[in-house]
Amino acid sequence: MSERDIPWGEYAAWLQGSATGTYYQDLLDEAAAQPARDAERRKVVKAADLPWENSPHGLLKHIVNESMNTRAETIDAYMQIIPPGSRSGKHRQLAEQAFYVLEGRGYDIHVDCDLQIPGGEKYLWVPQDQEKRFDWEAGDVVYVPPNTISQHFNSDPSRPARIAMITNRIYKHSGLNDLVQLENAPEYDPNEKLTAERLRRYLNVTASTK
């Protein structure tokens with residue numbers, strides 16, 4: 001190509017540099033290795049191997065998590081135990097969630113958030129004034145929309161509530177891991193290594209003799 005055919009000096013912009021990469025080949029290699037990696041990832045996780053956590057959001061038993069090396073790619077799930085008359089933490093999470101009520105009765109408080117970009121520079125999520133209450137009991141499914149402030153409450157003063165929460169992991173993989181803890185659960189203890197035995201003290205449940 002002669003100099004007079006070079007468009008607007010654009011060659012000077014792109015025809016330079018010495019850095020090289022193998023990014024496309026890396027994608028091919030990763031795809032080719034996927035079956036072997038999947039063969040080593042668990043499709044069944046026994047109850048005794050599901051990790052406990054005393055988290056800022058409450059007492060959890062993780063069912064599916066990215067750190068658990070399972071075959072699940074797009075969701076995370078945990079069981080949350082809310083002691084009698086207690087509540088979860090309060091958080092705002094961009095990812096949508098849904099939970100199934102395994103045991104007990106209670107209610108959720110949800111607050112929608114609006115997007116504001118003051119000065120056009122930085123976005124803010126501003127809570128609306130209205131709080132919405134959703135009552136639930138065993139057998140119900142509750143949906144938590146994206147970017148909602150939510151908190152779970154156990155209405156029963158004598159029995160625990162248990163919910164199975166599912167979270168869409170795609171938001172995180174899309175760079176939208178927007179999760180803010182606004183209030184910790186009453187039982188939160190960052191120094192506690194939660195186990196089934198230690199959980200019983202929150203529930204007043206007698207250990208099984210079987």
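Predicted model: local features only at pLDDT ≥ 70, side-chain atom pairs only at ≥ 80, totals over all residues.
Local features need pLDDT of at least 70 and side-chain atom pairs count only at pLDDT 80 or more, while totals for chains, interfaces and linings use all residues. Residues are numbered from 1 along each chain as its sequence is written, and side-chain values use heavy atoms, with hydrogens and water left out.

**Overall form**
- The protein has 4 helices and 12 strands, taken as DSSP runs (helices H or I, at least four residues; strands E, at least two) numbered from the N terminus.
- Its radius of gyration, taken over C-alpha atoms, is 24 Å, well over the 17 Å that the globule rule gives for 210 residues, so the protein is more spread out than a compact globule. That rule is 2.2 Å times the number of residues to the power 0.38.
- The C-alpha trace spans about 85 × 50 × 35 Å along its principal axes.

**Val141**
- Val141 lies in strand β9 (residues 141-144).
- Val141 is exposed, because its relative accessible area is 60%; exposed means over 50%, buried under 20% and partly exposed in between, with a 1.4 Å probe and protein chains only.
- Not counting residues up to four places away in sequence, Val141 touches Phe99 and Tyr100, where contact means heavy atoms within 4.5 Å.
- Arg37 is 104 residues from Val141 in sequence and 34 Å away in space, C-alpha to C-alpha.

**Burial and contacts**
- Of the 210 residues, 32% count as buried.
- Residues 24 or more positions apart account for 73% of the contacts with a separation of 6 or more.
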